[in-house]
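Biologist: Can you walk me through this one? I'd like to start with the sheet.

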Amino acid sequence: MGFLQRVLQLKNSLGFNHEPELLIPPQKPVHLKSFCVNLDLGQKITKSNTGTSILRALALGMLNILYPAPEWLRIFTDGSLLSDSPKAGAGVFSKIFSFYVPVGRGTAFDGEIAAIRTTLSQLQCHLEKFTRAVILCDSRAALLAIVSNNNPKTQDILDCRYHLENLASLEKTIILQWVPALCGVPGNEKADFLAKRKGRGL
């Protein structure tokens with residue numbers, strides 16, 4: 001009898017469960033009905049093959065048609081990694097609050113997630129000021145990480161899911177909407193400025 005067979009025999013005789021156990025318990029899947037994510041501008045586009053002026057026109061048209069003010073609170077978020085520093089920053093811009101948040105050592109992705117987490121947290125402090133809010137982010141990767149049913153890779157992603165579910169329980173409508181970066185959408189440009197400003201420690 002080989003070594004492994006002997007070990008299994010002993011475990012069985014002692015009543016040990018030899019089935020593998022998950023080190024991290026599965027998280028409850030995000031209830032997609034409680035919020036919505038939109039990864040395009042109303043039509044399929046490839047950013048690399050679309051001119052800046054067209055991207056800007058599509059983004060502004062989408063905002064005016066799908067999320068008209070004042071019915072919708074528009075919140076722009078952005079994350080940035082400085083080329084000359086390992087630090088990242090997060091920027092948030094809206095009519096009711098704006099922030100620049102230090103992320104410390106990290107990636108632009110970490111900054112994007114931190115910006116969305118900050119937004120969702122702050123929305124719960126301003127419940128009387130909105131019924132419907134759209135969070136506009138230029139990182140599809142960040143949005144997909146938040147809505148994925150996979151176990152979260154970071155605490156910030158888990159926090160985003162928690163805040164989304166909590167806001168839904170308070171009958172608030174939240175949309176996560178992708179917008180193209182660096183094409184002249186005013187709110188996105190302001191969030192980008194805030195993220196880079198904090199990253200420099202100003």
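Modeller: A definition first: two strands pair if DSSP finds at least two bridges between them. This is a predicted model. On that basis there is an open sheet of six strands, in the order 1-6-5-2-3-4, with mixed pairing.

Biologist: Which strands stand at the edges?

Modeller: Strand 1 (35-38) and strand 4 (98-105). Each has a single partner strand, so one side of each has no neighbour in the sheet. From one strand to the next, the twist averages 15 degrees.

Biologist: Are strand 5 and strand 6 parallel or antiparallel?

Modeller: Parallel, over six bridges, with strand 5 at residues 132-137 and strand 6 at residues 173-178. One of the bridges joins Ala133 to Ile174 in strand 6.

Biologist: What lies across strand 6?

Modeller: Helix 4 (residues 140-147), which also lies across strand 1 and strand 5. Helix 4 runs at about 140 degrees to strand 6.

Biologist: New topic. How many salt bridges are in the whole structure?

Modeller: Two. Arg117 and Asp156 form one, at 2.9 Å from N to O. Arg117 is in helix 3 (residues 108-123) and Asp156 in helix 5 (residues 155-169), 39 residues apart, so this pair links distant parts of the chain.

Biologist: And what does Asp192 pair with?

Modeller: Lys196, with the closest N and O atoms 3.3 Å apart. Both lie in helix 6 (residues 186-199), four residues apart, about one turn of the helix.

Biologist: Is Asp192 buried or exposed?

Modeller: Buried, because its relative accessible area is 14% and buried means under 20%. Lys196 is partly exposed, at 30%.

Definitions and conventions: Residues numbered from 1 in each chain as written. Predicted model: local features only at pLDDT ≥ 70, side-chain atom pairs only at ≥ 80, totals over all residues. Heavy atoms only, no water. Salt bridge = Lys/Arg side-chain N within 4 Å of Asp/Glu carboxyl O. Helix = DSSP H or I, 4+ residues; strand = E, 2+ residues; numbered from the N terminus. Buried < 20%, exposed > 50% of the residue type's maximum accessible area, 1.4 Å probe, protein only. Axes fitted to C-alpha atoms, helices over the stretch in contact; angles between N-to-C directions. Contact = heavy atoms within 4.5 Å.
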